[in-house]
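Trainee: I have a model open. Please show me how to read its features.

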Amino acid sequence: MIGFIEFADRLSAWFGKTFGWLILLMTLGMSYEVASRYLFNAPTTWSLDVSFIMYGTLFMMGGAYTLSRGGHVRGDFLYRLWKPQTQAKVDLVLYIFFFFPGVTALILSGWKYAVRSWGYGEVSVNSPAGVPIFQFKAVIVAAGILLFIQGIAQVMRCILCIREGYWRNADDDVEETEELLMKQRVAKED
């Protein structure tokens, strides 16, 4: 189980970090649009669509990475007070009855949309440029598959937590700015 968990975490991290670079492309694209629109009075017909596509891709492909790092929103006002085994049991039930059916529906519906979209080379109707969007429909399926794989790893984490009494978290690869600042402050005070 630990091997699969590590594999899923590495896979999710690779996709999340790789697609995270879209933030730079989005920034460059929107900066170009702002300059072209306000400095040269020549707005583009494609920029808004491309930024939506990139943002949606970033959001979708980062989902499994966020799941692996425990970054999704959780109503944990009670959850955080429970013992790890209780948390794991609740999570296990929620994964089985809600997560996997939802992600399976995402994959199957996404597949239907992607096949149809690729079939006729779908383009955006929001701009006169006709930006192709069929490739974005395939992202729905890819993101669903990544979430499914990471979900299996999360279920395995739950099982291990129920057995061992503690959570096996993914390796830390990033740290929140607030946490870094608090550590620096504590280090200065010592």
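**Helices and rings**

Mentor: Start with helix α6, residues 134-164: its 31 residues reach 46 Å from first C-alpha to last, close to the 45 Å expected at 1.5 Å a residue. The expected span is 1.5 Å times one less than the number of residues. Helices are DSSP runs of H or I, at least four residues, numbered from the N terminus. Just after α6, Gly165 has a positive phi of about 90°.

Mentor: This is a predicted model; local features need pLDDT of at least 70, side-chain atom pairs count only at pLDDT 80 or more, and totals for chains, interfaces and linings use all residues. Residues are numbered from 1 along each chain as its sequence is written, and side-chain values use heavy atoms, leaving out hydrogens and water.

Trainee: How many aromatic pairs does a search of the whole structure find?

Mentor: A pair of aromatic rings is described by the distance of the centres and the angle of the planes. Rings of Phe, Tyr and Trp (its six-membered ring) pair if their centres lie within 6.5 Å; planes under 30 degrees apart are stacked, over 60 edge-to-face, the rest tilted. Here the search gives 10. For Phe99 and Phe100, the centres are 5.2 Å apart and the planes at 85°, so this pair is edge-to-face. Ring pairs link Tyr95, Phe99, Phe100 and Phe148 into a cluster.

Trainee: Is Phe99 buried or exposed?

Mentor: Buried means under 20% relative accessible area, exposed over 50%, partly exposed in between (1.4 Å probe, protein chains only). Phe99 is buried because its relative accessibility is 18%. Phe100, at 15%, is buried.

Key:
Helix = DSSP H or I, 4+ residues; strand = E, 2+ residues; numbered from the N terminus.
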